[in-house]
Amino acid sequence: MGMLSLPGFLSCGKKKDFSLTDENDAHSSDSDENSDRGNWSSKGDYLLSMVGYAVGLGNVWRFPYLTYQNGGGAFLIPYTVMLALAGLPLFFLECSLGQFASLGPVSIWRILPLHCVSFCFLGVGITMVIISTFVTVYYNVIIAYALYYLFASFQKVLPWSDCFSWADEFCSKTQIVSDCNTTLNGEIIHANYSFIVNNNLTCINGTMNYKPVQFPTEQYWNKVALQRSSGLDDTGKIVWYLALCLLLSWIIVGAALFKGIKSSGKVVYFTALFPYVILLILLVRGATLEGALDGIEYYIGRQSNITKLMEAEVWKDAATQIFYSLSVGWGGLVALSSYNRFHNNCYSDAILVCVTNCVTSVFAGFAIFSILGHMAFLSKRPVSEVVDSGFELAFVAYPEALSKLPVSPLWSFLFFFMLVLLGLDSQFATIETLVTTIQDIRPKVMKKLRMPVTQGLCALLFFLGLICVTQAGIYWVNLIDHFCAGWGILISAVLELIGIVYIYGGNRFIKDVEMMIGTKSFSFWLWWRTCWFFITPVLLMAILVWSLITFPNPTYGSVAYPAWGTAVGWCMIIFCVIWIPIVAIVKIAKAEGNIVQRIVSCCRPAANWGPYLERHQGERYSHMVDPQKKKEHEIPTVSAVVY
């Protein structure tokens with residue numbers, strides 16, 4: 001999710017299926033194990049939804065750039081290490097948690113209630129959901145950008161392939177010399193380039209200065225697609241065609257989730273798999289272009305710099321990319337896994353999805369850099385000058401490269417269609433996370449209201465996103481991404497680990513997992529215990545502290561944000577995380593006894609914590625009360641250390 005890991009925002013990724021509109025509920029069926037909430041129709045539905053959730057835009061527009069920036073192929077070493085130490089342990093934990101209790105990211109915190117039926121770490125779940133809400137607003141705007149470029153590709157000549165009527169005097173496809181040194185009458189002089197040309201002189205190599213020019217793709221992105229204003233202060237008008245693309249993207253999301261996981265689980269067979277077909281096509285085409293090898297070498301070839309591994313920043317980038325790429329800490333993994341059957345092998349699922357995600361990132365890098373190498377060859381510039389990430393890669397650098405290919409509209413269509421599919425997969429899961437959170441409040445009522453609630457939520461988020469399709473919209477998109485998709489997720493992930501491993505009990509949680517996947521040996525759990533108890537929380541805390549220390553003020557390119565814009569960003573992230581202490585303080589205040597007794601009472605699972613269905617509760621949870629009934633008792637806490 002990253003950052004535009006998006007997350008990873010953005011990714012968070014995603015697909016699912018849920019909904020009910022009548023008694024013959026489409027969300028659940030006679031074959032479902034859990035008739036209240038429904039289950040995935042098949043294992044394939046779930047796995048592809050998880051792959052789509054994890055594999056997002058960040059795999060295409062951030063990982064390749066980070067690999068190039070941090071030593072090429074050498075970057076795969078810290079990337080793989082961080083996958084094993086931070087990404088996979090958290091991914092497995094969240095998948096197991098959701099599957100065990102069949103609850104969404106907020107209700108799952110009845111594992112640690114604050115006061116009887118209230119939840120001790122409820123604030124963590126609320127933080128996850130609020131951050132997901134912020135991110136889903138701007139993430140669909142990015143899909144709208146991709147839809148606009150996709151429709152613009154249906155022209156014989158791509159509209160950004162040259163400096164057309166919308167361009168200004170700074171638009172140029174090649175560098176323009178401003179001045180240089182030359183030899184005149186035996187003396188070296190410095191002269192304007194027009195003087196050099198008029199007198200048939202020649203510039204001395206290495207002395208040329210160039211005018212500041214912009215490629216047609218850059219001006220098209222700013223002047224035509226975005227109609228970008230001068231800054232956040234200048235809101236301007238709503239860009240009507242972007243608003244229509246945003247509406248279309250929300251209509252697609254709403255339609256795919258019309259019947260919840262029963263419909264989205266089928267849609268993902270196309271949205272999750274077809275991007276791989278497009279990537280393969282782009283890779284094959286890119287590999288046949290002149291200069292492609294230069295791009296690949298910059299990405300992962302002979303220019304790999306193993307000495308980069310000595311720099312702490314490289315390891316920080318690897319850990320951050322893994323964290324956001326896998327979409328842990330957003331609540332989506334918990335939500336999607338909550339629709340699994342109780343005895344599903346969530347362990348093998350977690351490994352399969354994580355490996356698929358990382359392999360996709362590496363594979364995408366080859367496709368991206370092969371074409372960027374061709375772009376560098378044509379422009380006679382080093383690859384380093386055409387490499388970029390995020391918006392600049394997706395909507396400036398890559399369209400520039402695509403415009404130079406034979407049958408360029410076809411390749412442009414395929415590329416932006418791929419971006420749309422990657423984005424939609426992530427949106428499916430994020431919206432399903434929000435709907436699941438609402439559903440868990442009243443599961444039986446939501447069986448009949450799921451469809452209108454889903455459609456209403458999509459409509460509300462569309463209207464909230466309109467600010468992001470004004471002429472200042474890109475500044476709002478960047479602001480939300482800069483703050484909400486950053487260390488707020490790290491905070492929730494750290495507290496999630498602390499709550500489950502150190503308060504609920506890591507060994508107790510392992511016993512819960514074994515109820516689903518069967519008893520495992522001590523050696524099997526040794527690695528997971530080591531990561532959950534020590535390595536993963538330490539790594540996340542280190543990344544969090546580093547991120548806070550190095551947290552920069554927001555900018556978009558060379559445009560600085562006004563003070564009030566930065567303040568709005570801080571207000572957004574504070575609004576996301578403030579629920580953690582607020583809920584804790586309120587619930588402790590309502591508890592009985594002295595302060596120590598109150599805190600202790602808040603660290604006990606609720607009486608309704610455990611497997612959702614009675615037949616799965618076994619002897620360990622034989623005391624569990626009906627989840628739909630009010631409980632007045634709590635389950636004694638067993639220490640994670642001595643259990």
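Q: What does "contact" mean when we talk about residues here?
A: Contact means that heavy atoms lie within 4.5 Å. Please keep in mind that the model is a predicted one.

Q: Which residues does Val55 touch, leaving aside its neighbours within four places in sequence?
A: By that 4.5 Å limit, Val55 is in contact with Tyr276, Asn357, Thr360, Leu422 and Ser426. Val55 sits in the loop between α1 and α2 (57-61).

Q: What makes Val55 a buried residue?
A: Buried means under 20% relative accessible area. Val55 has 5% relative accessibility, so Val55 counts as buried.

Q: Which residues does UniProt list under "binding site"?
A: An unreviewed UniProt entry names Gly52, Ala54, Val55, Asn59, Ser325, Asn357, Leu422, Asp425 and Ser426.

Q: How do you know that these listed residues gather at one spot?
A: They span 375 residues in sequence, but no two of their C-alpha atoms are more than 13.5 Å apart, so they come together at one spot. Val55 and Leu422 are among the residues that line the second largest cavity.

Q: Why is Gly52 called buried?
A: The relative accessible area of Gly52 is 2%. The cut-off for buried is under 20%, so Gly52 is buried. Gly52 belongs to helix α1, which covers residues 43-54.

Q: How do you know that Cys163 and Cys171 form a disulfide?
A: Two cysteine sulfur atoms within 2.5 Å make a disulfide. The S to S distance for Cys163 and Cys171 is 1.9 Å, and a disulfide joins them. Their link is left-handed, with -85° about the S-S bond.

Q: What makes Cys180 and Cys203 a disulfide?
A: Their sulfur atoms are 1.9 Å apart, and the limit is 2.5 Å.

Q: How many disulfides does a search of the whole structure find?
A: The search finds 2 disulfides. Counting bonded cysteines along the chain, the pattern is 1-2, 3-4.

Q: How many aromatic pairs does a search of the whole structure find?
A: The search finds 49 aromatic pairs. One of them can show how the label is given.

Q: Why is the pair of Phe134 and Phe575 called edge-to-face?
A: Planes over 60 degrees apart count as edge-to-face. The planes of Phe134 and Phe575 stand at 90° and the ring centres are 6.5 Å apart, so the pair is edge-to-face. Phe134 lies in helix α5 (residues 122-152) and Phe575 in helix α21 (residues 563-577), so the pair ties together parts 441 residues apart in sequence.

Q: What makes Trp166 and Tyr220 an edge-to-face pair?
A: The angle between their planes is 70°, with 5.6 Å from centre to centre, and the edge-to-face label needs over 60 degrees. Trp166 is in the loop between α5 and β1 and Tyr220 in helix α7 (residues 216-225), so this pair ties together parts 54 residues apart in sequence. Tyr220 is buried, with a relative accessible area of 4%.

Q: What lies over the face of Phe524?
A: Lys520 does, at 5.6 Å from the ring centre. The distance limit is 6 Å.

Notes. Residues numbered from 1 in each chain as written. Predicted model: local features only at pLDDT ≥ 70, side-chain atom pairs only at ≥ 80, totals over all residues. Heavy atoms only, no water. UniProt positions renumbered as here; feature names shortened; annotations may be inferred. 1 Å grid on protein atoms, 1.4 Å probe; cavity = no way out; pocket = protein on both sides within 12 Å on 5 of 7 lines; lining within 4 Å. Helix = DSSP H or I, 4+ residues; strand = E, 2+ residues; numbered from the N terminus. Buried < 20%, exposed > 50% of the residue type's maximum accessible area, 1.4 Å probe, protein only. Phe/Tyr/Trp six-rings, centres within 6.5 Å; stacked < 30°, edge-to-face > 60°. Lys NZ or Arg CZ within 6 Å of the ring centre and 35° of its normal.
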